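Please keep the sequence and the structure in view while reading the points below.

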Amino acid sequence: MSEWFIFTLMNIHEYQAKELFADAGVAVPNGTVAQNEQEFDQALSALPQGEPIVVKAQIHAGGRGKGTFTNGFKGGVHVVSDAAVAKEKAQAMLGNVLVTNQTGEEGKEVGTVYFTEACDIEKEYYLAVLMDRATSMPVIIASTEGGVDIEEVAESSPEKILKVLVDPALGLRAYQARQIAFGLGLSGDSFKQCVKLVIRLYTFFWTKDCSQVEVNPLVTTPSGDVLALDAKVNFDANALFRHPDVVELRDLSEEDPKEVEASKFDLNYIALDGNVACMVNGAGLAMATMDIIKHYGGSPANFLDVGGGANEEQVENAFRILVSDDTVKAILVNIFGGIMKCDVIATGIVNAARKLDMKVPLVVRLEGTNVAEGKQILADSGLALEPADTLAEAAEKIVKLAAEA
């Protein structure tokens, strides 16, 4: 079984997720945003004056509170006493790069600061709705251990994690929402609020085609209110055509430029951290290609599925994106010609290689419709490329060439 799980998704910022939560009837603290220093005063004036404020850097990564800015400022989440201090913290965040355990060493530049009302917290919980790969069903995950990484809880205290599978044909049943609230140990009005929140959160997850909705922490206040204090939402990118309102929330500055460019040409591209670039048609074949590269000691630089009906232009654009990655030391093309004919792909490869003046080693494995014609086009091209008849041969060759490069 392949070790790769390629699932194209779209992320949004916390403040955007909370706006969607509020529209769905999920209780969240009041908040405002600023994207430049001139907006600080107006944003802060919308919050209760003289009350504590939470200042949050907005990036598509977790671990913000424990992160460090490259300017030396510590933490991307701060609770402060008033608006004056909030402005100071926001100034230290905005326009600077925040490095967390999820961003990598390069970090992410903060382009938006989120100000929210601080609230008294009695207890923190964890709540999420996501797709369970083993059952192909939505699952609600809850825990009394909120505010920390759920992976740590799963490893150290698995008994504190509650999972409820939801039959997509039936939807979330009321008793299942009550099961979550009971599992969190809630009672009275907090219990009722939690049941409503779980139902609304699942409805949001399902109707918006989300891949993950996470609230960490979900909190109760001394007065018994239940609030989503944080929000992380991912959407299935393949369903975005149904949600133009969600597409408008996309922040391209948070995405890999190569992935953004690939999306313009309907190419399914995901950047990885290896040095062997792959161009394949079909997600399953692409994952098998990455697996065999690893098997022979190499490391894939990307997942790239050009689709079953790619044309010469898409092939050329795919190559252009691959060679724009400075970490790529070699390129493996693995195409099975069904709807897509091998001679068309071979022509696209040759034209792209000439136009882009590719310097990196190239191994091409073609099979399927018009394969003989495709191989002849490659052989007659005069290009310094390596043909391969089998996937194993192609992988062995490309790993060796990448190592030599």
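In this predicted model, Asp209 forms a salt bridge with Arg242, and the closest N and O atoms of the two are 3.1 Å apart. Asp209 lies in the loop between α6 (188–207) and β12 (210–220), while Arg242 lies in the loop between β14 (232–236) and α7 (244–247), so the pair ties together parts that are 33 residues apart in sequence.

**Salt bridges around Glu14**

- The side chain of Glu14 meets that of Lys18 in a salt bridge, with a distance of 2.9 Å from N to O.
- Glu14 and Lys18 are four residues apart in helix α1 (residues 14–23), which means that about one helical turn separates them.
- Glu14 and Lys18 are both buried.
- Glu14 also takes part in a salt bridge with Lys56, where the distance from N to O is 2.8 Å.
- Because Lys56 belongs to strand β3 (residues 53–57) and Glu14 to helix α1, this pair ties together parts that are 42 residues apart in sequence.
- Lys56, like Glu14, is buried.

- Salt bridges that share partners join Glu14, Lys18, Lys56, Arg64 and Asp230 into one network.
- The count of salt bridges in the model comes to 17, and the pair of Asp209 and Arg242 is one of the salt bridges described here.

**The packing of helices α11 and α12**

- In general, two packed helices are described by the angle between their axes and the distance between the axes.
- For helix α11 (residues 342–356) and helix α12 (residues 371–379), the axes come within 7 Å and cross at roughly 15°.
- Since angles under 35 degrees count as roughly parallel, α11 and α12 are therefore roughly parallel to each other.
- The crossing in which α11 passes α12 is right-handed.
- On the α11 side of the contact are Cys342, Asp343, Ala346, Thr347, Ile349 and Val350, and these meet Val371, Glu373, Gly374, Ile377 and Leu378 in α12.
- Sorted by type, the residues of this contact between α11 and α12 comprise seven nonpolar, two polar and two charged.

Terms used:
Residues numbered from 1 in each chain as written. Predicted model: local features only at pLDDT ≥ 70, side-chain atom pairs only at ≥ 80, totals over all residues. Heavy atoms only, no water. Axes fitted to C-alpha atoms, helices over the stretch in contact; angles between N-to-C directions. Helix = DSSP H or I, 4+ residues; strand = E, 2+ residues; numbered from the N terminus. Parallel < 35°, antiparallel > 145°, perpendicular 65-115°, else oblique. Left-handed = near helix turned anticlockwise from the far one by under 90°. Contact = heavy atoms within 4.5 Å. Nonpolar A, V, L, I, M, F, W, Y, C, P; charged D, E, K, R; others polar. Salt bridge = Lys/Arg side-chain N within 4 Å of Asp/Glu carboxyl O. Buried < 20%, exposed > 50% of the residue type's maximum accessible area, 1.4 Å probe, protein only.
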